[in-house]
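Welcome! Here is a short tour of the aromatic rings in this structure and how they pair up.

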Amino acid sequence: MRYLLLLTTDSAPLPAALQRFTIELIQAGVLLAGELLAVDGLLVELGADGSCRVDDTPTADARANALWIVQASDRAEAVEWARRLPVDRGRVEVRRIVGGAAAEA
C-alpha cells in the first residue's frame with residue numbers, strides 16, 4: 001500500500017537531516033516520491049456556494065515542510081517511518097493513498 005507522509009512544523013527542519021531520512025527510505029526500497037515544499041504556499045478555500053477565497057498564508061503557526069510517498073505493508077509500518085523523521089517537534093500526517101493505477105496492483 002502507498003502512504004503519504006506530510007511533515008508540518010513551525011520550526012524549519014535541517015535540510016541535511018531530511019536528506020538523510022530520504023536516503024534511509026531509498027535504501028530501504030520504500031520511497032516512491034519525496035519533495036521539500038516551499039514556504040510560499042496558498043490556501044484556497046472553496047465554498048459550497050461556489051465562492052473561492054485565496055489566502056497567501058496556509059496556516060498561521062505551521063506550514064507543510066516536506067512530503068514523502070512510501071510503499072508500506074500496512075499503516076503500522078507507515079507510522080514507524082513517520083516516527084523516524086528527524087524533527088524535534090511538529091506533526092506528520094500519515095494517509096493511505098487509495099487511487100491510481102498503482103493502487104490496483
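## A charge over a ring

A charge is said to sit over a ring if NZ of Lys or CZ of Arg is within 6 Å of the ring centre and within 35 degrees of the ring normal. In this predicted model, the charged end of arginine 84 sits over the ring of tryptophan 81, at 4.3 Å from the ring's centre. Let us see what else tryptophan 81 takes part in.

## Two ring pairs

How many aromatic pairs does a search of the whole structure find? The search finds two. One is formed by phenylalanine 21 and tryptophan 68, an edge-to-face pair with 5.1 Å centre to centre and 80° between the planes. Because phenylalanine 21 lies in helix 1 (residues 15-28) and tryptophan 68 in strand 5 (residues 63-71), this pair ties together parts that are 47 residues apart in sequence.

Phenylalanine 21 also forms an aromatic pair with tryptophan 81. That pair is edge-to-face too, with 6.5 Å centre to centre and 70° between the planes. Here phenylalanine 21 in helix 1 meets tryptophan 81 in helix 2 (residues 75-83), so the pair ties together parts that are 60 residues apart in sequence.

Tryptophan 68 counts as buried, with 2% relative accessibility. Tryptophan 81 has a relative accessible area of 7% and is buried as well.

Technical notes
Residues numbered from 1 in each chain as written. Predicted model: local features only at pLDDT ≥ 70, side-chain atom pairs only at ≥ 80, totals over all residues. Heavy atoms only, no water. Phe/Tyr/Trp six-rings, centres within 6.5 Å; stacked < 30°, edge-to-face > 60°. Helix = DSSP H or I, 4+ residues; strand = E, 2+ residues; numbered from the N terminus. Buried < 20%, exposed > 50% of the residue type's maximum accessible area, 1.4 Å probe, protein only.
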